[in-house]
Structure formats: C-alpha cells, structure tokens
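Here is a set of questions and answers on one protein chain, meant to be read with the sequence and the coordinates at hand.

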Amino acid sequence: MLDIQLIRQQTDLVSQKLAKKGCNVDFTEFLKLDKERRALIQKTEELKALRNKVSAQIPLMKKNGEDVGQQLAEMKNVAEEVKRLDADLARINEKQTTFLQSLPNLPDDDLVGGGKENNKVISMWGKKPEFDFQPLHHVDIAEKLHLIDYNRGAKMAGSGSWVYTGDGALLEWALLNYFVEQHIADGYTMILPPHMLNYASGYTAGQFPKFIDDVYWLDHAEERSNFMLPTAETALVNLYRDEILDEKELPKRFFAYTPCYRREAGSYRAEERGMIRGHQFNKVEMFQYTTKDGSDAAFEELVGKACKLVEGLGLHYRLSKLAAGDCSASMARTYDIEIWIPSMNDYKEISSVSNARDYQARRGNMRYRDSKTGKIEFVHTLNGSGLATSRVFPAILEQYQTADGKVRVPEVLQKYLHGKTVLG
C-alpha cells in the first residue's frame, strides 16, 4: 500500500510513477475525501475534549448542589454528534482504503516505463549449447527415458499436471537438495510454512483483492477464507505481520521449499508443452526483511544468489531488468533470471528477484524501531526464486542431452543421484 503522506505531498510525482506501470490515476476525489477526513478528525477530537472536560465538571457541580441538567443535555447532543461524525469518518476511511488497495507499488526511479518490450538484458552467462545432431524436446527426452509420465499425470489431475518417475523423481529431488544446501551454506534460515493460507496473508502479499481469482480457494466462493499458496513468498511475507522488530534482528534471511499452486497456468501454447507451465510445481523461495538503508544491498545479494545457483548447474542464462509495467503490482523493481530452452529457441524465466520496498509492510503492518532515531519505521521486504524446478528440469534435459538420447547429469547434482553421471 502506498504512503498516504506521499500522495498528499507529492501528488504529481506519484501519478507520474504510476503511469510508468500503465496505471493512470486521478487523485482529485481522493484528496477531497482526505481533506474532509482530516476536518472530521479535528472536529471529533474537539468534541471529545469538550465531553471529557464537562464530564469531569459534572461531579463537582453535583457535589456543590448545582443543577447539571443543561450540561447533561449538552453532553447527550455531543455524544450523538460524535457518533454521527465517527460514522462519517468510517465511511471515508473505507473509501480511501479501497482506493489505496487498488494502487500498485511505485516503480523505482531508474525503471523505464512500459511493458516487457522495454525490458533490458543486463548480462549473459555461458554459451548457447550447440548440437551436431538433431536435439530433442524435453518432453520427448523425459518420456523416452521414463523420467516423467505426462499421460498419467493428466489422467489423475488434468492438463498441466505430470508425474515424476524413477530417475526423474530423483533429479527433481536432487535440484531441491542442491538449492537447500546452498541457502543453508549462505546463512539463510529454512522455513517449512503451511500450504493453506488465510485471506489476510494474500492481502499482505499484495495479491488480494485484485488477483483474488488467480489462486485455488478451499471453500465456497462467497466465503474465500483459505487458499493454497501460489508461492512461498505469500507465506514468508506474513511471518511478522502486525509485529515490531528490533533493528538488531535485521536483516532476516529465510528460504522455504513448497509446491506452488496456480490457476493461471491454464492457457497453453503449442511451444509450451511439457513442464513450462503447470498448475502445481516445486520451488525454493528466498526472502528477506530489512531496513530501508539495507534494501538495495539485499536486492543485489538475492540476484547474486539466484545467478550463482544457475551457474553452479552450468546452464546458459541471461539476466534481465524489467520495465516498470512488467513488474508485478506489489514490486518496485524486478530482475529476471531467464534460462535458455533450445526447443523453444527462447529464454524462460526461472527466477524473479524483486524488491517491494515498504509496500507489503504497510499492508501487513510490519515495522521496526530505528536504533538512531527511536522512530517506528516500516521494514522492506524482498523475495527471489531460488529456484523454480519446473523450468530448470527441462533446461537440464535439453542443454545436457547427448547424441545417443541420454542426458548428462550436472556435476553438482551427481551426489544426490547416487553418483550417476548420465541418465538413460
């Protein structure tokens, strides 16, 4: 949620930044309501002060034998007026809150406007694999080597589902173990969160109310109280909801393994057959809580960690800086790590590292006490995939395939596959 003070004091700047995300906002009505709200607050406080003053005088007047009928009548009128003003204030607060909930986060100053057409490739790592044979699609490799059973997955759960089998299951588990070990070595704390979350968790993450239909709800549509997490970020960002942290505790660095459940996977394109899109997939997620001053360093750390994981696997990828309009609603900046999928002749995102600044913290009321000023400040929250396996897995099959239809196992994963160097 955006800072109402910033909107009040720098309206034009906020409008210009939101326009970079394709969000054109007229703040006229909002500011009019804000002025009315502040006037109501002042009037209410004056009446309450008067009520307190007179209420303190009435017992003394009674003790002195004075008639307090007029004062009691006045206080009754004051109480009714305060009740009416409180109702007006609640109505305005609800309108303003609803308006603020609809606004995305402000993009950082260095982000260009527009959508993905304005994304910028920052760096490339490794070389595109070259083959002296006709390379296979990862679906064909997986089926030939009995690594994945797509047909039985669809039979059990519908399109966009699959079953890992044999060495395929071991390879998937090897990836997860590799990620976990790397994060532990870097000093991150492991979390295994609940997969079923409440509405407040989705709201804090910035997914609700705008993207309320993108998740799997576990109850009736009219209730919408519990849903399956679409990413571990949704859980991790709620660890300290409504809490005040000690600045000495920051930054807090976490990672979590969870399956992720998403409705948005539905529209398949022919070139995205297989594991590129799915309703359920595995991911290890990195997350940090930090101070405003530590925010930029935390972002660079997360980007570096995600890149290091891919490089450890020896997979060709590129790092892209997203334009403002391609960042998700809650994020101020995002870098994508995009892996090369030969059969698609394209790069696919396997990690988005994002900084929400204080946007999520304002929604979840997550704060810390500044050690220098003693003031209560909002924390900054950051997240990054570390990594999503559903695209790393096909990239390994395709980038490491051999002419005889087998797949070489990246060296860092071999110990998790009982020393196997080749699948098939």
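Q: In this predicted model, what share of the contacts in the protein chain with a separation of 6 or more comes from residues 24 or more positions apart?
A: The chain has 424 residues, of which 49% count as buried, and its secondary structure comes to 12 helices and 18 strands. Among contacts in the protein chain with a separation of 6 or more, those between residues 24 or more positions apart account for 72%.

Q: Why does the distance between the end C-alpha atoms of helix 10 agree with its number of residues?
A: Helix 10 has 19 residues, and at 1.5 Å a residue these should span 27 Å. The expected span is taken as 1.5 Å times one less than the number of residues. The value agrees because the end C-alpha atoms of helix 10 are 28 Å apart.

Q: Is glutamate 398 buried or exposed?
A: Glutamate 398 lies in helix 12 (residues 389–399), and beyond its neighbours within four places in sequence it is in contact with Phe131, Leu136, His137, His138, Ile141, Ile341, Pro342 and Ser343. Buried means under 20% relative accessible area. Because its relative accessibility is 0%, glutamate 398 counts as buried.

Q: How far apart in space are glutamate 398 and alanine 73, C-alpha to C-alpha?
A: The C-alpha atoms of the protein chain fill a box of roughly 105 × 45 × 40 Å along the principal axes. Glutamate 398 and alanine 73 are 325 residues apart in sequence, and their C-alpha atoms are separated in space by 84 Å.

Q: Which residue does a cis peptide bond join to phenylalanine 208?
A: Most peptide bonds are trans. Here the bond has an omega of about 5 degrees and is cis, and both Phe208 and Pro209 are among the residues that line the largest cavity, as are Tyr359 and Arg363.

Q: What is the phi of arginine 357, which is not a glycine?
A: Most residues other than glycine have a negative phi. Arginine 357 is found in the loop between strand 13 (346–355) and helix 11 (359–364), and at 17% relative accessibility it counts as buried. Its phi is positive, at about 55 degrees.

Q: How many charged residues are in the lining of the second largest pocket?
A: The second largest pocket holds about 610 Å³ of space. Of the 19 residues that line this pocket, the closest to its centre are Leu6, Lys292, Arg357, Asp358 and His380. By class, its lining has 8 nonpolar residues and 2 polar ones, while the number of charged residues is 9.

Methods: Residues are numbered from 1 along each chain as its sequence is written. This is a predicted model: local features need pLDDT of at least 70, side-chain atom pairs count only at pLDDT 80 or more; totals for chains, interfaces and linings use all residues. Side-chain values use heavy atoms; hydrogens and water are left out. On a 1 Å grid over the protein atoms alone, a cavity is a set of points where a 1.4 Å probe fits but cannot get out, and a pocket is an open set with protein on both sides within 12 Å along at least five of seven lines; lining residues have an atom within 4 Å of a point. Grid points are joined across faces, edges and corners, and a volume is the space filled by probe spheres set on the points. Ala, Val, Leu, Ile, Met, Phe, Trp, Tyr, Cys and Pro count as nonpolar, Asp, Glu, Lys and Arg as charged, and the others, Gly among them, as polar. Helices (H or I, at least four residues) and strands (E, at least two) are DSSP runs, numbered from the N terminus. Buried means under 20% relative accessible area, exposed over 50%, partly exposed in between (1.4 Å probe, protein chains only). Contact means heavy atoms within 4.5 Å.
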